[in-house]
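Here is a short briefing to keep beside you while you look through the model. Take the topics in any order you like.

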Amino acid sequence: MQKLVEEIQKLKKERNAVIVAHNYQLPEVQDIADFRGDSLELSRMAAKSHAKVIVFCGVYFMAETASILSPDKTVIMPDTAAGCPLANMITAEDLRELKSRHPKAVSVGYVNTSAEVKAELDYCCTSSNAVKVISSLKDAEEIIFIPDKYLADYASKKTGRRLISWDGYCPTHVKILPEDIIRSIRLHPKAKVIAHPECASEVASLADEVLSTGKTCEFVKKSEAKEFIIATEVGLVYRLHKDNPDKKFYPASELAVCPNMKRTNLEKILWALEEMKNEVRVSDEIRKKAKKSIDAMMSIG
Ligand code: CIZ
């Protein structure tokens, strides 16, 4: 593995590339990355870097978001077949149809959407700021929220706003069941339970905190607690261990493994850098529209 790592490092320099890895990536992929984080954090860090090439270790919509924020850089993916089933649950056509049925509604979409869907949205949001974005829409008569029905339910409960939601969900997060949380609490009674808002509502309601991956990292670092039950994709546990060696982390379910996130490995990173073939580029027309929804989110803070 050391040789592979050295070859990647060498080629990364030659290509003037930056490697970014989502919090759900394999440990060795997280280790080789220049930045680890959630999708928007990574796209923003990559945009700020002086690199000409962004190697995005994550899923397709994340590389598209990087391309939207860095049109002058070349974004490549080690495996372009790494899609996001949740993002694929709604198309731009579906959203246009939904908007036509609610012409007065403001449309808000989770970052887990294709660039084409983002181009149809008024606001993009992440799992960290969905509640903030919805709270800011005081004058909106109606709010469409796509595609994750569980994030919609969580944000609706937090803000007291009724949301017109979509029947989308993350097939990995729904594998975490309420009985997993109950069993984990029985085994680790002192642990704090942190659930991702993509978890089913019955799971989220059993958690002490409902947080995105980025906010989970922040919370754990500051917390006085020493043990945590983590209800999200298992990859985050590796990062939490690494950043907090004095604390203990228990995945709520070993079944919460995203097969798409695990498609990326060191060999594919090396091949992508060698061949420079797997480029993800969003057309100018879609990029400009999609960026408006991201900028609208940023303007909320
Ligand atoms: O924004 C991301 O990266 C996703 C999809 C989840 C999270 O909480 O990091």
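Met276 is partly exposed, with a relative accessible area of 26%. In this predicted model, Met276 sits in the loop between helix H13 (266–275) and H14, and its phi is positive, about 50°, although the residue is not a glycine. The points below go on from there, topic by topic.

**Backbone features**

- Asn16 is another residue other than glycine with a positive phi, near 55°.
- You will find Asn16 in the loop between H1 and strand E1 (17–22), where Asn16 is partly exposed at a relative accessible area of 35%.
- Ile146 and Pro147 are joined by a cis peptide bond, with omega about -15°.
- Pro147 belongs to the loop between strand E7 (143–146) and H8.

**Nonpolar cores**

- As a general background, nonpolar side chains tend to be buried together in soluble globular proteins.
- The largest nonpolar core here has 77 residues, and the members that touch the most others are Phe56, Phe145, Ile176 and Ile230.
- Helix H4 (residues 60–69) supplies the largest share of this core, with 6 residues.
- Apart from this core lies another one of 19 residues, including Ile8, Ile19, Val29 and Leu273.
- Which residues does Ile176 touch, not counting those up to four places away in sequence? They are Ile181, Cys199, Val203, Ala231, Thr232, Ala252, Ser253 and Ala256.

**A buried proline**

- Pro78 is placed in the loop between strand E4 (74–76) and H5.
- Its relative accessibility is 6%, so Pro78 counts as buried.
- Leaving aside neighbours within four places in sequence, Pro78 is in contact with Val55, Phe56, Cys57, Thr264, Lys268, Ile269, Ala272 and Asn278.
- Pro78 and Val59 are 19 residues apart in sequence, and their C-alpha atoms are 9.9 Å apart in space.

**Helix packing**

- At what angle do H4 and helix H14 (residues 284–300) pack? The angle is about 95°, and the axes are 9 Å apart.
- Angles of 65 to 115 degrees count as roughly perpendicular, which is why H4 is described as roughly perpendicular to H14.
- On the H4 side, the contact is made by Thr65, Ser67, Ile68 and Leu69, while H14 brings Arg287, Ala290, Lys291 and Ile294.
- Sorted by class, the contact of H4 with H14 has 4 nonpolar, 2 polar and 2 charged residues.
- Turning to helix H12 (residues 235–243), its buried residues are Gly235, Leu236, Val237, Arg239 and Leu240.

**Salt bridges**

- There are 21 salt bridges in the structure, and a few of them are worth a look on your screen.
- Lys10 and Glu14 meet through their side chains in a salt bridge of 3.5 Å, N to O.
- Both Lys10 and Glu14 lie in helix H1 (residues 2–15), 4 residues apart, which is about one turn of the helix.
- Are these two buried or exposed? Lys10 is exposed, with a relative accessible area of 57%, and Glu14 also counts as exposed at 57%.
- The side chains of Arg96 and Glu120 form a salt bridge of 2.8 Å, N to O.
- Arg96 lies in helix H5 (residues 92–101) and Glu120 in the loop between helix H6 (115–118) and strand E6 (123–125), so this pair ties together parts that are 24 residues apart in sequence.
- Arg96 is partly exposed, at a relative accessible area of 38%, whereas Glu120 is buried, at 17%.
- Arg96 and Glu120 also belong to a network of salt bridges that links them with Glu93 and Lys99.
- Asp167 and Lys149 meet in a salt bridge between their side chains, at 2.8 Å, N to O.
- Asp167 is in the loop between strand E8 (164–165) and helix H9 (178–187), and Lys149 is in helix H8 (residues 149–159), so the pair ties together parts that are 18 residues apart in sequence.
- Asp167 counts as exposed at 55% relative accessibility, and Lys149 counts as partly exposed at 28%.

Methods:
Residues are numbered from 1 along each chain as its sequence is written. This is a predicted model: local features need pLDDT of at least 70, side-chain atom pairs count only at pLDDT 80 or more; totals for chains, interfaces and linings use all residues. Side-chain values use heavy atoms; hydrogens and water are left out. A nonpolar core is a set of buried Ala, Val, Leu, Ile, Met, Phe, Trp, Tyr and Cys residues joined through side-chain atoms within 4.5 Å. Buried means under 20% relative accessible area, exposed over 50%, partly exposed in between (1.4 Å probe, protein chains only). Helices (H or I, at least four residues) and strands (E, at least two) are DSSP runs, numbered from the N terminus. Contact means heavy atoms within 4.5 Å. Axes are lines fitted to C-alpha atoms, for helices over the stretch in contact, and angles run from 0 to 180 degrees between N-to-C directions. Angles under 35 degrees count as roughly parallel, over 145 as roughly antiparallel, 65 to 115 as roughly perpendicular and the rest as oblique. Ala, Val, Leu, Ile, Met, Phe, Trp, Tyr, Cys and Pro count as nonpolar, Asp, Glu, Lys and Arg as charged, and the others, Gly among them, as polar. A salt bridge is a side-chain nitrogen of Lys or Arg within 4 Å of a carboxyl oxygen of Asp or Glu.
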